[in-house]
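Thanks for coming, everyone. I'll keep this short. Have the model up on your screens, please.

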Amino acid sequence: MAEDLGPDPLAPWLREIAATHDAARHTAGSQCRGSVALIDEAARLRGVAEVRLGRAISLEREVETRPAQLARLAEAAAEERRAWQALAQAELPDGHGAVELDVRVGLYGRSAHGGDVITYDAHGVHNTHLDGLAHLGTDATWHGPIPVANSQTDEDTIVNWAQHGIATRGVLLDIPAIRGTEWVTADQPVTGDDLDAALKATGVTLAPGDALIIYQGRDRFEAAGHRYTPGAVFQARPGIGADGAAWIAANDPGLVLWDFHDARSNPMFALEVHSLIYAIGLCLIDNSLLGPAAAALRAAGTSTGLLVAAPTAIHRSTGVLINPLLLY
């Protein structure tokens, strides 16, 4: 008798997207490297051509490790963790997304030496990080296909992506500007029509391998005192829904950078966009700081630039903290 593995973790529409991707881009005997493989010389040259002012802006949220600031944040962080854990239907470990920095300073006469050891959880909803292919999978495989067991021995996606070079044209889609709102709300997930309208406003025609930089107003949302829901809490939240995820897959981006994540606006509270990591090998950079970039590009009269995302080449890593740069 076949083992009952429970419901398929991918919805039919995601299976269809995965099948289309496999037929178009998978070659027998070769491991698919996902969306990053779409970033070629033409994509990089498109990005270089968009640098006109010689300015750069970081898309990374600061990683806080200063003791005084951490002490002030500790009470709020503990309250937030208790609230989310009470609602979580999936494991929500203490410190998810946390960073621990052990700074070691030595004084030797007139000389000083500093070093440190850093430990971090690469995922969560706080720190800016890049998700590897070995972050989300199904049926005992990551995209590629890569057996999940390889993560214990020799999975090398992050190394491959680092050496490939993630540098391409970035196109910023400003969803609140299209909607006339301050931020995306949980009751109105971002749709394909929203993304089409935001793209039309840029005047840009997307090409395979471009970076989609999808601004949804998270900086304003948090500045107003709201807290963003972690992925282990099964409830709707501001973000991109299934229709928007299908739009992303159809436009063949080299990677996606976003501030809000999946809307979870479906009956199973599934991760609509994150599921594309398995379905098409999508490279995602979560928790990007996009409000300042949206304002800077608007002031410069553009929506494009050269997006550079250089992950540390760590074998077996499921994801890495990263500082994406947009040059314009």
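One cut-off before we start: buried means under 20% relative accessible area, exposed means over 50%, and partly exposed sits in between. Also keep in mind that this is a predicted model.

Start with Asp210. Its relative accessible area is 1%, so Asp210 counts as buried, being under the 20% cut-off. Which side chains does Asp210 pair with in salt bridges? One is Arg46, with a salt bridge of 3.0 Å from N to O. That pair links distant parts of the chain. Asp210 sits in the loop between α6 (192-202) and β8 (211-215), while Arg46 is in helix α2, residues 41-49. They are 164 residues apart.

The other is Arg169. Here the closest N and O atoms are 2.7 Å apart. Arg169 lies in strand β7 and Asp210 in that loop between α6 and β8, so this pair ties together parts 41 residues apart in sequence. Is Arg169 buried or exposed? It has 9% relative accessibility, so Arg169 counts as buried.

Next pair. Asp194 forms a salt bridge with Arg179, and the closest N and O atoms are 2.6 Å apart. Asp194 is in helix α6, Arg179 in helix α5, residues 175-179. The separation is 15 residues. Asp194 is buried, at 14% relative accessible area. Arg179 is partly exposed, at 23%.

Asp8, Arg15 and Asp139 are linked by salt bridges. How many salt bridges are there in the whole count? The count comes to 14.

Why look for such pairs? Side chains of opposite charge can pair when their charged atoms come close.

Asp131 is found in strand β4. Asp131 is buried yet has no salt bridge. How far away is the nearest side chain of opposite charge? That is Arg237, at 9.6 Å.

What does Asp131 have instead? Its side chain makes a polar contact of 3.1 Å with the side chain of His274. Setting aside neighbours within four places in sequence, the contacts of Asp131 include His123, Trp161, Ile277, Cys283 and Thr318.

Follow that to His274. This residue is in the loop between β9 and α9. His274 is buried, with a relative accessible area of 5%. Its side chain makes a polar contact of 2.6 Å with Asp262. Beyond four places in sequence, His274 touches Asp131, His135, Leu136, Trp258, His261, Asp262, Leu284 and Asp286. Note that Leu284 and Asp286 are also in contact with Asp131.

First, α4, residues 157-164. The buried residues of α4 are Thr157, Ile158, Val159 and Trp161. What covers them? The cover includes β4 (129-131), β6 (146-147), β7 (166-174) and β12 (319-321). After α4 comes Gly165, with a positive phi near 95°.

Second, α8, residues 242-250. Its buried residues are Gly244, Ala245, Trp247, Ile248 and Ala249. They pack against α1 (12-25), β7, α6, β8, β9 (255-258) and α9 (276-280). Asp252 follows α8, and its phi is positive too, near 50°.

Last stop, the surface. Which residues form the nonpolar patch? Leu101, Val103, Val105, Leu107 and Ile118 do, with about 500 Å² of accessible area together. Strand β2, residues 99-108, gives the most, with 4 residues. Leu107 belongs to that strand. Leu107 has a relative accessible area of 68%, so Leu107 counts as exposed.

Then there is Gly114, in strand β3, residues 111-120. Gly114 is exposed, at 55% relative accessible area. The C-alpha atoms of Gly114 and Val103 are separated by 7.2 Å, with the two residues 11 apart along the chain. Leaving out neighbours within four places in sequence, Gly114 is in contact with Arg104 and Val105.

To recap: Asp210 is buried and pairs with Arg46 and with Arg169. Over to you.

Methods:
Residues are numbered from 1 along each chain as its sequence is written. This is a predicted model: local features need pLDDT of at least 70, side-chain atom pairs count only at pLDDT 80 or more; totals for chains, interfaces and linings use all residues. Side-chain values use heavy atoms; hydrogens and water are left out. Patches are made of residues with over 30% relative accessible area and no salt bridge: like charges are joined within 9 Å, nonpolar side chains (Val, Leu, Ile, Met, Phe, Trp, Tyr) within 5 Å. Accessible areas come from the Shrake-Rupley method with a 1.4 Å probe; for residues, only the protein chains shown count as cover. A salt bridge is a side-chain nitrogen of Lys or Arg within 4 Å of a carboxyl oxygen of Asp or Glu. Helices (H or I, at least four residues) and strands (E, at least two) are DSSP runs, numbered from the N terminus. Buried means under 20% relative accessible area, exposed over 50%, partly exposed in between (1.4 Å probe, protein chains only). Contact means heavy atoms within 4.5 Å. Lys and Arg count as positive and Asp and Glu as negative; His and the chain ends are not counted. A polar contact is a pair of N or O atoms within 3.5 Å; within protein, one must be able to donate a hydrogen and the other to accept it, and residues adjacent in sequence count only if both atoms are side-chain atoms.
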